[in-house]
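This report concerns a single protein chain.

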Amino acid sequence: MKILCLGDSLTFGSVGYSYTKYLRNKYEIVNKGINGDTTKCAYGRLYKYINSKRYDDVDTYIISIGTNDLFVPYLTSLSKSWQIEMQPAKKKKKCIKD
């Protein structure tokens, strides 16, 4: 079975271990995690993967996303310095606010 995993750094594995590590023993994994990804960006990527001939052989999709939608706007409310630092990421990633 081939599984495509879509998500943020928790999928990619840059914040420690990715859950994909535990799936690799039994399944073929395509890790499409991107650090800092948001729901809006992941939706566009998912649409591309589903419609791509390259991934026709994918049996299952695991979608783990949303952490940055909550995290980035929250960080901007912590302090002025975080607000200044996170403003570019907030605009670039187009976080969902509701």
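The following sections describe the chain from its overall layout down to individual residue pairs.

**Overall layout**

The coordinates come from a predicted model. The chain contains 5 helices and 3 strands, and these elements follow one another along the sequence in the pattern β-α-α-β-α-β-α-α. The chain has 98 residues, 34% of which count as buried. Its accessible surface amounts to about 6,600 Å², and carbon and sulfur atoms account for 56% of that area. Among the contacts in the chain with a separation of 6 or more, 62% are between residues 24 or more positions apart.

**The sheet**

The 3 strands form an open sheet, arranged in the order E2-E1-E3 with parallel pairing. Strand E2 (28–33) and strand E3 (60–64) are the edge strands, each of them pairing on one side only. From one strand to the next, the twist averages 15 degrees. As a general point, strands of a sheet pair through backbone hydrogen bonds, in either a parallel or an antiparallel manner.

Strand E1 covers residues 2–7 and is joined to E3 by 5 bridges. Within this pairing, Cys5 stands opposite Ile62 in E3. The pairing of E1 with E2 is also in the parallel sense and extends over 6 bridges. Here Lys2 of the chain stands opposite Glu28 in E2.

How many residues of E1 are buried? The count is 6 of its 6 residues, and the strand is described as mostly covered. In a regular strand the side chains alternate between the two faces of the sheet. In E1, Lys2, Leu4 and Leu6 point one way, while Ile3, Cys5 and Gly7 point the other way. Helix H3 (residues 39–50) lies across E1, E2 and E3, and runs at about 160 degrees to E1.

**Salt bridges**

The count of salt bridges comes to 3. They are listed below with the distance between nitrogen and oxygen.

| Salt bridge | N to O distance |
|---|---|
| Glu28 and Lys2 | 3.7 Å |
| Lys2 and Asp57 | 3.1 Å |
| Arg45 and Asp37 | 2.5 Å |

Which residues are linked in a network of salt bridges? The network consists of Lys2, Glu28 and Asp57. For the salt bridge between Glu28 and Lys2, the closest N and O atoms are 3.7 Å apart. Glu28 lies in strand E2 and Lys2 in strand E1, so this pair ties together parts that are 26 residues apart in sequence. In the salt bridge between Lys2 and Asp57, the closest N and O atoms are 3.1 Å apart. This second pair also links distant parts of the chain, with Lys2 in strand E1 and Asp57 in the loop between H3 and E3, 55 residues apart.

Glu28, with a relative accessible area of 47%, is partly exposed. Asp57 likewise counts as partly exposed, at 43% relative accessibility.

The side chains of Arg45 and Asp37 form another salt bridge, at 2.5 Å from N to O. Are these two residues buried or exposed? Both Arg45 and Asp37 are buried.

**Aromatic pair**

The count of aromatic pairs comes to 1. It is formed by Tyr49 and Tyr55, whose ring centres are 5.4 Å apart; the ring planes stand at 75 degrees, so the pair is edge-to-face. Both Tyr49 and Tyr55 are buried.

Methods:
Residues numbered from 1 in each chain as written. Predicted model: local features only at pLDDT ≥ 70, side-chain atom pairs only at ≥ 80, totals over all residues. Heavy atoms only, no water. Pairing = 2+ DSSP bridges. Helix = DSSP H or I, 4+ residues; strand = E, 2+ residues; numbered from the N terminus. Axes fitted to C-alpha atoms, helices over the stretch in contact; angles between N-to-C directions. Contact = heavy atoms within 4.5 Å. Buried < 20%, exposed > 50% of the residue type's maximum accessible area, 1.4 Å probe, protein only. Salt bridge = Lys/Arg side-chain N within 4 Å of Asp/Glu carboxyl O. Areas by Shrake-Rupley, 256 points an atom, 1.4 Å probe, with all protein chains shown as cover. Phe/Tyr/Trp six-rings, centres within 6.5 Å; stacked < 30°, edge-to-face > 60°.
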